[in-house]
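Colleague: I have a model open and want to understand how it is put together. Can we go through it piece by piece?

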Amino acid sequence: MRPGLSPWVSAALLLPFTAALAVFFTVPLFIMAAVSVSRQSFGRFEWAFTWKNYARFVTDAFYWGVLWDTLWLGLAVTAAALLLGYPVAYHLARTRTRWKPLLLVCVLSPLLVGIVIRCYGWMILLADRGLINGTLVEHGWLARPLPLMYNTLGVGIALVHVFLPFMILSLTGVIKRIEPQWLEAGVSLGASPARTFWEITVPLSLPGILAGSLLVFSLAISSFVVPVLLGGFKVYVLPIIVYEQILSVFDWPFGAANAFILFVISLALIAGYVKLTERALRGIV
Amino acid sequence: MERVGWGLRSAVIAVYAFLLLPLAIVTLAAFNAGNYFTFPPQGFSLRWFGNFFARREFMQSLWLSLELGFWTAVISTVVGALAAIALVRGRFRGRDLLNAYVTSPLLLPQILTGVAMLQYFSLIGLAQSYAALLIGHVVVTTPYVVRTVSAVLYNFDVALEEAAQSLGASPVRAFVEITLGIIKPGVVAGAVLAFAISFDNFTISLFLTSPRLTPLPIELFAYLKYSFDPTAAAASAVAIGVTLVLMLGIARFMGLEEFTGF
């Protein structure tokens with residue numbers, strides 16, 4: 001039995017941050033919800049209770065289209081991240097190389113470099129006069145640059161890059177806990193390596209696959225910088241609408257309503273994520 | 001396993017290349033002489049760095065980002081470490097719930113946190129202030145400190161503290177000399193991480209910024225919206241350099257494996 005701090009001491013230690021969190025995080029979220037059902041007439045904000053802002057979203061085909069594009073893009077990015085991330089996570093979990101710390105740095109380094117810089121890297125690569133197109137056109141291999149940027153493709157590529165580390169980290173933790181003996185058992189019973197992989201490794205890493213996918217999906221649909229820089233305001237996703245309504249149109253109630261719709265979708269995904277990771281930990285540890 | 005070996009290996013190498021490519025390209029473009037970066041490069045030049053350091057708005061925002069990162073790290077390390085100690089060592093009910101609450105800013109998309117904070121700070125008359133920016137950064141970085149410090153505390157043997165007490169040390173002295181000594185790597189890693197995240201933060205800053213208070217990522221974003229010359233690459237290379245130094249710092253104080261939670 002570990003000796004513990006008394007509840008009073010614990011409360012005192014926890015107070016500074018939980019109080020700050022309550023005042024500067026929880027209360028603002030409630031206020032955002034309240035703003036989303038308020039009214040703004042002729043640029044003047046007034047508190048009210050109306051569903052008008054949500055009705056405006058639901059009855060306009062444009063916003064349904066944006067929501068659809070956002071979710072579709074999130075799904076495509078998640079699938080690509082899973083496909084690219086699994087081999088790396090598998091290797092990282094199983095390898096005994098002494099270069100492993102370096103490999104971890106490679107996986108983590110994009111995470112710790114600002115998102116604007118990562119987008120800029122892709123802009124240099126994908127722009128019409130960027131590295132790929134510039135080189136191809138200059139050498140006369142192409143007459144016109146390929147449309148790599150300011151479209152869904154460019155946004156998708158950069159989104160996969162930005163969130164791939166989260167997928168790899170989610171998968172590695174789970175794959176690492178699969179005992180090699182279980183795989184050996186499969187092989188010694190006559191299963192081919194491919195069959196062992198599909199029937200033992202993949203099912204056992206399912207919690208990681210689901211958790212990683214939920215995490216990447218929820219990050220992808222709420223990303224703002226990537227669609228703006230790589231999409232050049234030609235690819236419309238929900239976070240861009242939120243940004244425009246709040247910071248350009250200054251329609252706070254409608255902006256807050258959009259944000260709240262995004263909030264509800266994220267909350268559902270996060271709840272699923274927390275449940276999955278908890279169950280995965282309980283089942284294996 | 002042997003048969004898929006080379007296939008797996010080449011796939012893994014390709015993905016690592018994909019991960020590192022944009023960062024390498026930005027760094028190379030910063031040292032490239034030409035206005036546009038094509039292959040082969042047009043020669044080595046430091047003129048973009050010269051341009052970056054000569055521009056007053058870039059220098060102001062770099063300074064602001066460093067200062068903001070420093071104060072964010074100081075505050076979030078103190079409140080985060082205190083919270084972590086209570087969460088790991090405390091005996092009280094509802095600990096899981098509090099744990100989830102304390103780390104919740106990590107799970108919520110930052111654009112939502114940013115919007116909510118902007119509206120809130122406007123209502124209480126604190127919008128576009130340094131305080132608002134600092135509070136925003138502290139809220140999103142402290143959960144990381146809680147995590148790194150908790151990770152170290154979980155592995156910590158309480159028997160050491162008890163031994164110190166049985167040798168005559170007061171509980172407070174035992175805590176200060178033993179516990180603080182042992183959780184130091186976690187605290188340092190948390191502080192470094194808090195600084196790095198604040199230094200690179202874009203989304204929270206976007207909503208709490210003002211024309212007089214633009215951290216480097218915001219300045220860079222504004223610059224990229226209108227111009228495309230490699231001065232931005234030089235700015236990025238400087239930021240990557242700062243991050244690289246910090247990463248090496250973390251690796252030194254706390255194994256990277258521990259740090260990522262494997």
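Predicted model: local features only at pLDDT ≥ 70, side-chain atom pairs only at ≥ 80, totals over all residues.

Colleague: Is helix 1 of chain A roughly parallel or roughly perpendicular to helix 6 of chain B?
Modeller: Their axes come within 8 Å and cross at roughly 85 degrees. Angles of 65 to 115 degrees fall in one class. Therefore helix 1 of chain A is, relative to helix 6 of chain B, roughly perpendicular.

Colleague: How many charged residues are in the contact of helix 1 of chain A with helix 6 of chain B?
Modeller: Helix 1 of chain A brings residues including Phe24(A), Phe25(A), Leu29(A) and Met32(A). Helix 6 of chain B, residues 110–123, brings Val115(B), Met117(B) and Tyr120(B), among them. By class the contact has 13 nonpolar residues and two polar ones.

Colleague: Within chain A, is helix 5 oblique or roughly parallel to helix 7?
Modeller: Helix 5 covers residues 115–126 of chain A, and helix 7 covers residues 152–176. Their axes are 10 Å apart, at an angle of about 135 degrees. That angle makes helix 5 of chain A, relative to helix 7 of chain A, oblique.

Colleague: Is the crossing of helix 5 of chain A and helix 7 of chain A left-handed or right-handed?
Modeller: Residues in the contact include Arg118(A) and Trp122(A) of helix 5 of chain A, and Ile157(A) and His161(A) of helix 7 of chain A. The contact has seven nonpolar, two polar and one charged residues. The crossing is right-handed.

Colleague: How many residues of helix 10 of chain A are buried?
Modeller: Helix 10 of chain A runs over residues 206–221. From first C-alpha to last it reaches 22 Å, close to the 22 Å expected. Helix 10 of chain A is mostly covered, and of its 16 residues the buried number is 14.

Colleague: What share of the residues of chain B count as buried?
Modeller: Chain B has 13 helices and zero strands. Its C-alpha atoms fill a box of roughly 70 × 65 × 30 Å along the principal axes. Of the 262 residues of chain B, the buried share is 47%.

Key
Residues numbered from 1 in each chain as written. Chains lettered and ligands numbered in written order. Axes fitted to C-alpha atoms, helices over the stretch in contact; angles between N-to-C directions. Helix = DSSP H or I, 4+ residues; strand = E, 2+ residues; numbered from the N terminus. Parallel < 35°, antiparallel > 145°, perpendicular 65-115°, else oblique. Left-handed = near helix turned anticlockwise from the far one by under 90°. Contact = placed C-beta atoms within 7 Å. Nonpolar A, V, L, I, M, F, W, Y, C, P; charged D, E, K, R; others polar. Expected span 1.5 Å × (residues − 1). Buried ≥ 20, exposed ≤ 12 C-beta atoms within 10 Å, placed from the backbone.
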